[in-house]
Amino acid sequence: MERIREALVLIYDEEINTIEKDSVNSPEHSFTEEFEEKILSYVRFSERHYVPVPHFRIRKAAVIAVIAALVMTSAVVSIAIVKPSVIWNIQKKAVEWIIEFHRENTDSETGGFKIRKLKIPDGFTVKEESRHDSGYYVNYENHDGKFIALQQSVADDTKMYLNAESDERKTFKVDGHDAIAIHDEDTWVIVWDDGKYVYDLTGNVSYDELIRVIE
Amino acid sequence: MLAIFLQIVDTPEEQTKFEKLYHRYKNLLFYVAYNALEDYEDAEDAVNETFFRVAKNFSKIGEIECHETRNFLVIIIKNISIDLLRKRKAFTGELNEEQPVRGYAGTDENTPEKLRDVVDVLKEMPAKYRDVLWLNAVAGYRAVEIAAFLGVSPETIRKRLHRGREMLKKRLGE
């Protein structure tokens, strides 16, 4: 691995040294006013991206307000306990599907991040693993170059991209929740939720082998 | 343009660093983009998008005056330029991403003996695999971070890493 790293450093340093020398000899560009206007739209996007919009608090306040109104006007109030659910917002573009996930009915939730256990086939070992407050990633590999990787994320503000040009696609249910499987060249990708988390399971194994991992 | 980017960066120290980064590399990046796109407006878009993505992930940027930072920015803008080329409806030619490394004619007497076989394999590898290998092995970014910089999905990056490593393994056994 160290040889590969050294070779990469060598190749890129030499290539970009050449490019930089050429750029110094070329005329300097003055950026246009129209350019400035385009940037404003990116800044607004970044501000929306950076400012945490309290979806839960707004929704919770609205629910409490409705319940309070019902209590005041009605002698008998019943509150239905509903299971948390995940809404999928799928934007279908030419080359990819962009899926944005959003949670509902989270008031009855408790506990921190719980990592989903997988039924990994024999011969696979952990090659990479990382975790943080709202996500977990693990990659398993075997000696034949096969890999199985899981990305688990809290559903809110999670976005996933699926290849829309793939030759095979299936929709089904995992534990009663929506799931999509996409075949992309030599890889299967399965995306599903369980009401709290969204999962992206990817592997260059067969579809049946990948499904067995999550059953 | 600089004032707007500075809104995205968090602290006064980071603003100063970002300003330095911007002034240091904006001309180089415009040069790279213009060479690929041959259009001033598109090249400006590519430069803008590059600094925007960098600003969003600025805590991950290291020293300004080092080859690693410079090479990182060039890789990003090169990939952004390729994406812009793809989006052009009128574009009918072949993309440059599969061609050998520009300015590098192969191994010579200056290439360390122990690296010649690796350099040859990497030189023949499609740039989209080689770029992510550099971002991972040299710059130390994880797949999700590389995906954010290149504007693709993490699974695409993992696939590219996997295929790049498979090519190296097949040719070199490592």
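**The contact between the chains**

I started with the contact, where chain B gives 60 residues and chain A gives 56 residues. Contact here means heavy atoms within 4.5 Å. This is a predicted model: local features need pLDDT of at least 70, side-chain atom pairs count only at pLDDT 80 or more, and totals for chains, interfaces and linings use all residues. Residues are numbered from 1 along each chain as its sequence is written, chains are lettered from A and ligands numbered from 1 in the order in which they are written, and side-chain values use heavy atoms, with hydrogens and water left out.

Next I looked up the area. Chain B and chain A bury about 5500 Å² between them, and 57% of it is on carbon and sulfur atoms. Buried area is the accessible area (1.4 Å probe) that two parts lose on being put together, summed over both.

Then I checked polar pairs. I found 15 residue pairs in polar contact between chain B and chain A, both residues at pLDDT 80 or more. A polar contact is a pair of N or O atoms within 3.5 Å; within protein, one must be able to donate a hydrogen and the other to accept it, and residues adjacent in sequence count only if both atoms are side-chain atoms.

Which elements of chain B give two or more residues to the side that touches chain A? They are α1 (2-8), α2 (12-37), α3 (40-56), α4 (67-87), α5 (116-124), α6 (127-137) and α8 (154-172). Helices (H or I, at least four residues) and strands (E, at least two) are DSSP runs, numbered from the N terminus. The largest share, ten residues, comes from α3(B).

**Salt bridges**

The rule is a side-chain nitrogen of Lys or Arg within 4 Å of a carboxyl oxygen of Asp or Glu. A:E6 pairs with B:K114, closest N and O atoms 3.1 Å apart. B:R24 pairs with A:E20 at 3.2 Å. That pair runs from helix α2 of chain B to helix α1 (residues 2-24) of chain A.

**The sheet in chain A**

I traced an open sheet of seven antiparallel strands, in the order β3-β4-β5-β10-β9-β8-β7. Strands pair if DSSP finds at least two bridges between them. β3 (125-132) and β7 (168-174) of chain A stand at the edges with a single partner strand each, so one side of each has no neighbour in the sheet.
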